[in-house]
Amino acid sequence: MELISIAIRNYRIHKDTTVVFDPKVTVVGGPNESGKSTLVEALHRILFLRAKTGGKLHAEMLPKASAGRPEVELRFRVGACAWLAEKHFGGAAGGSFRLSSDKGESLSDEAAEMRLSALLGGIDMAAGKGAKAALELCWPHLLIRQGDSHQSPEGASKAAASDLLKRLQEEGGAAVLTSAKDELVAQYFAAEAAGLFVSSGKPKAGSSLKVAEDAVEAAEHVCEQARKKTSALEGAVGRFHAAERDIRDLEASLLEMEERIESLQKKLTSGKALEERVAEQREVSKRAEATYLELRGRIEQMIQLENEISAIEATLAPSQAKVAEAKQASDTCEHLLEGKEKARVAVAEAAEQSARRVDWLRARAELLRAADAMESLKKTREIVDALTREQKAKREALLTLPPVSEAELECLRTLQGTIDRTESALEAMAADLEWTEGEGAVLLAGQVLKQGEVVRLTEATELRVNDELTVRLRPGGGEALAKVRLSNADARRAMTAKLTDLEVADLEAAAATLEKRKNLESAMEHLSQRIEEKAGETFAGRIAAAEEKYTLAKATLKRREQGAEPTLSAASLDQVLDALQKAEDALADLRAKEKIAQHEVEQLRARHERERQAWVDASDVQHTRASELASKRGRWGAWVDAEGDAETRAKRLKAAKAASAEESAKATNMEATLARLQLDQVREDLGRLQQSSHQCREKLTQARNERSAAKALLERDGSEDPAAELEKAEGALALARERHQREADQAGAVALLAELFNEEKSRMAAAHSAPLVQRINHYLSAVFGPEGGVQLALGPEGMQGITLARTEAGAFGFDELSHGAREQVATAVRLATAELLAADHEGRLPIVFDDAFTHTDAERLEGVLTMLNRAAQRGLQVIILTCHPKAFHTLPSRTASLR
């Protein structure tokens, strides 16, 4: 079966859509919400859903923006015969179906549904309440809907399982099952195993194996209780004697530790008293040292201050001479600056007078330029006004012509061409009728026919002779003649309507009118260009700007006359510009002299500022040193009064140093005595012994409790012979284990036989599915290379356990794969399945992928395209609907676009 084309009208969002399919690969592109999935749905439903289907399925197909009836037309080929299926989905009462072939076969409604079912391989058409569920079972392996490309194909294979088994057997595959007797034996052992074990492999409740296993557990429990009782009594005797020994040892150790703790506590008390005395001596030593250091620091500061006073006294005399020298240099520079400043002011005043003359001359020249510009614009305005009047006259002439455009004329020519073609066709197909001789009345279509008159017949017409003979004349051509006649009438009506709208008599008048309009429009365009060249869009603004510029220039000249001496009042523009150039040269010369004078003044001013600042800085330094000397002399006198002379200070310092050394030696001796006591060691030993003593008391309490408990257990037990009871329980356990082993061996044999039959069945099934696996792996090699392949079993219920095995990575179940790998494996399985099943459909089957391969990366997608191309070369018709048609540009295909 091969799809040729599909046309959809009034189906959901499709108002009128047609897609033509390539015999090998078709890519239908379109953005989201463009109707790709709806196209797949319409294709599926025309094939498998009865036209007279109402309810929810019919409501889903209704258009959203119109009231039309959903219609789907599908052209397809089966073998050498092409078919046209036309389904109108009008609900249970209004639906209709017509099926016709190019061999002349034509069927309607129920007969058409049955014929289509036969063409599809005997599939029942879906209808009634279960229609939606039935549709899901119709070719699910060939129609991969949106979002299903990464789903396992196992479920979809159920619908085609019987056909696949049949095709594989025809290709020489082994039978799935062995003989009937083998199957009965396998069923027997499977039933026996099911009676002995649950699905997890554990014994089944109530089975002989489970009873034996429970008996073993009960005997083990009795034996364990006997062992525990015997062991408990033996342990109690041992624990009693051990507790007695522990109590004696712990009491002796506790006495020894308490004596040692008392000795350490006494030593620690005396050490703490010594620590307090050492701390007090340390404080005394620190205070003596601080007193010595403080006295030594004050004496050192006095020596430093004395040296600083001597240094300042040595620099005062030279500093005074430098101050006088700086004052003389500052005064000299100030006198020179006054002379240079007077010369600069004289040059600046002369330059200012020259600048006022230059400004006046510039204003005079600007006024003359503005006057010339106004005169030129007035002449241009006269030319523009004349051109504008001519343009207006041509515009008025254009408005009187009919509104004929190039598009309208082309439309008239198209209609005239249609009329000419249809009339030629009518001329060729019509029949001529002429009454040559005879008597009586002849009526043609109710009108009297005159003898010798020739009438051309283009449709069926009644001829009546003498009210006795009636003849119905039909010209040749059939439906084609009727269509040509209808086209001729439509074209003439359209032609008349168009000529009326355009207010012209015929095609020649329309062409002449258009030519006149073009000539007028060209002349107007030429006038517009001339007006634009002369005036431009801002002509009025230019005139206003020129007038404003003239007024401004006049006012500016008047202001400039207040500060300058007016000359050349009646001179021309060239004379004024010549005078302006001379004035500007004189001004430039004065400005240059002014700049030189200004530079000389600034240099002298900077020099004077430096000289003055040097004098101020020298004076400040002299004053600062004198103040500093007076301050230091005051501090020196105060310290001498407080600390005494040099001899007194030396004696005080020596005495403070001796006192600090003596107190430090006392502290050192006391610290050595304290270190020999090792108080940290004493505290550590005391803590360790106290912790050991506490633990020893706890152990002693536990030993006494253990002794009491063991004594109570021995006094409480009343057994006569615990060892005999244990021996009896062990014998019963041995018997129970022996019986359980026999049952386990027998059950294991049954389970092994059932497993062997299942393994053989699986092996046969694997051999049966080998042709399918080989095809799948041929497709997959395009993506995973020769090292990648699938493993699967095929039974009456379809495919089972699809596994992808790769040499390096190992084997993975379908659900363990990534979404992309699932897409690729599922695609290979579906292509191989379709290839096998195509043999039952004249070697051709379509397979549709709706928005598939969305999880496949760019590198793997190239391999997928190779798979699809291989499928097309092997006879499959691949149809792809996608939001990204560019991704398939390397795949040889026909492309269609939905918008």
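Biologist: Why is E823 said to have no salt bridge, although it is buried?

Modeller: In this predicted model, the nearest side chain of opposite charge to E823, R830, is 8.6 Å away, whereas a salt bridge needs a side-chain nitrogen of Lys or Arg within 4 Å of a carboxyl oxygen of Asp or Glu, so E823 has none. Lys and Arg count as positive and Asp and Glu as negative, while His and the chain ends are not counted. Local features need pLDDT of at least 70 and side-chain atom pairs count only at 80 or more, while totals for chains, interfaces and linings use all residues. Residues are numbered from 1 along each chain as its sequence is written, and side-chain values use heavy atoms, with hydrogens and water left out.

Biologist: What makes E366 and R369 a salt bridge?

Modeller: Their closest N and O atoms are 3.6 Å apart, which is within the 4 Å limit, so the pair qualifies.

Biologist: Why is E366 called partly exposed?

Modeller: Buried means under 20% relative accessible area, exposed over 50%, and partly exposed in between (1.4 Å probe, protein chains only); E366 has 26%, so it falls in between, and R369, at 38%, is likewise partly exposed.

Biologist: How do you know that the span of helix α10 agrees with its 24 residues?

Modeller: Helices (H or I, at least four residues) and strands (E, at least two) are DSSP runs, numbered from the N terminus. The expected span is 1.5 Å times one less than the number of residues; for α10 (residues 406-429) this gives 34 Å, and the end C-alpha atoms are 34 Å apart, so the two agree.
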